[in-house]
Amino acid sequence: MSSPDPQVRAARNQSTSSLGSGARGPVVAVTGAASGIGALLTARLAASDEVRQVVAIDERRGECAAAQWQILDVRDPAIAEKLRGADVVVHLALDLDLETDAAARTAYNVRGTQTVLTAAAAAGVHRVVLCTSAMVYGALEDNELPLSEDAELRATAEATGVGDLLEIERLARRAPRAHPGLNVTVVRPAVLVGGVDTALTRYFESPRLLVVAGSRPAWQFCHVDDLCSALEYAVLEKADGELAVGCDGWLEQEEVEELSGIRRMELPSAVALGAAARLHRIGLTPSPAGDLAYTMYPWVVSGSRLHDAGWRPKYTNEEVLAELLEEVSGRHTVAGRRLGRKDATAAGAAGATVALLGAAAVVRRARKARRRI
């Protein structure tokens with residue numbers, strides 16, 4: 001991990017001020033502040049002259065010394081007292097880990113969001129910022145390129161974590177009616193890159209890029225630094241409502257293959273979706289078949305509301321793809337499942353598709369072994 005820039009180091013060296021300090025700007029509470037996007041945003045806001053104080057909430061203490069830390073689970077109703085005095089809450093305590101049990105993940109994500117929204121209203125917070133994903137628009141063959149922020153949310157719950165995100169979107173729409181005076185902003189990033197592990201980043205760990213015959217992929221990325229800057233815009237009320245965020249424009253599949261140097265392996269739709277569904281059903285891969293749709297059809301967003309507010313991405317799609325490829329270098333994944341070095345060598349020789357289809361033999365052997373026990 002690279003060392004913080006001078007501005008962040010200066011913020012960390014400042015003494016922790018009280019919520020009642022005379023500095024201008026909002027008091028901002030960030031959940032999930034000890035790691036990932038939450039840690040990056042906490043450091044960014046703590047270094048900002050436009051933010052009075054950052055209250056960092058997590059189950060463990062993070063590294064930002066300039067924040068005021070509160071250690072608790074976001075599902076604990078006691079969080080309402082910890083939010084008292086805050087002007088804005090950014091809720092980033094979400095579990096979207098591919099390996100987490102789906103039921104446990106949903107229980108944490110939905111209950112946590114419900115608790116934070118209710119607690120924020122009870123504490124007198126006037127704005128909550130939630131972060132979902134542009135995946136909620138759905139990946140569909142007839143999607144416009146690009147989608148506007150107010151496009152219909154047509155995703156289904158068939159992809160990893162998308163059901164949770166759709167429920168969070170529903171809670172966001174409902175909250176201002178249930179709690180008059182509470183404003184909710186939802187930020188929806190494109191394919192996130194920068195220290196994150198998702199089914200979509202794992203797509204680029206394969207020895208071949210699986211392309212479903214007849215599909216029309218379009219790739220739009222979002223660097224975590226750009227997401228943090230967009231979240232800061234929402235915190236400072238420079239933009240509100242539903243905000244889509246990503247690099248300008250998109251890359252066609254052919255451009256991705258040329259830039260990455262990874263060749264494609266094309267499969268008929270029925271074969272690819274059927275194999276992915278079977279492998280997930282028996283627990284051989286973490287990704288359900290629904291994840292494949294996001295590599296088949298476009299879900300590119302315009303980001304017009306942020307652009308109208310003066311926000312611009314720092315990174316291009318080409319730059320983010322290059323960073324992603326560097327980040328996943330040395331990792332080997334087939335059908336969303338990480339392979340060891342020995343397995344990866346075989347997969348590389350055979351191609352990702354052969355490994356995908358050949359997994360049926362692995363399944364049959366496993367079943368026979370269980371019957372012999």
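**Reading rings and a helix**

Student: Are Trp219 and Phe221 buried or exposed?

Tutor: Trp219 and Phe221 are both buried. Buried means under 20% relative accessible area, exposed over 50% and partly exposed in between, computed with a 1.4 Å probe on protein chains only. Keep in mind that this is a predicted model, where local features need pLDDT of at least 70 and side-chain atom pairs count only at pLDDT 80 or more, while totals for chains, interfaces and linings use all residues. Residues are numbered from 1 along each chain as its sequence is written, and side-chain values use heavy atoms, with hydrogens and water left out.

Student: How many aromatic pairs does a search of the whole structure find?

Tutor: Rings of Phe, Tyr and Trp (its six-membered ring) pair if their centres lie within 6.5 Å; planes under 30 degrees apart are stacked, over 60 edge-to-face, and the rest tilted. The search finds six such pairs. In one of them, Phe204 and Phe221, the ring centres are 6.1 Å apart and the planes at 55 degrees, so this pair is tilted. Phe204 lies in the loop between helix H6 (199–202) and strand E8 (209–212), and Phe221 in strand E10 (residues 221–223), so the pair ties together parts 17 residues apart in sequence. Helices (H or I, at least four residues) and strands (E, at least two) are DSSP runs, numbered from the N terminus.

Student: What kind of pair do Trp219 and Phe221 make?

Tutor: Their centres are also 6.1 Å apart, but their planes meet at 15 degrees, so the pair is stacked. Tyr203, Phe204, Trp219 and Phe221 form one aromatic cluster.

Student: Which residues of helix H5 are buried?

Tutor: An α-helix has 3.6 residues a turn, so residues three or four places apart point the same way. In H5 the buried ones are Val162, Asp164, Leu165, Ile168, Glu169, Leu171, Ala172 and Ala175. They pack against helix H4 (102–123), strand E5 (127–131) and strand E6 (183–189), where contact means heavy atoms within 4.5 Å.

Student: Where is Asp197, and what does its side chain join?

Tutor: Asp197 is in the loop between strand E7 (191–193) and H6, and is partly exposed at 30% relative accessible area. A polar contact of 2.9 Å joins the side chains of Asp197 and Arg202. Such a contact is a pair of N or O atoms within 3.5 Å; within protein, one must be able to donate a hydrogen and the other to accept it, and residues adjacent in sequence count only if both atoms are side-chain atoms.
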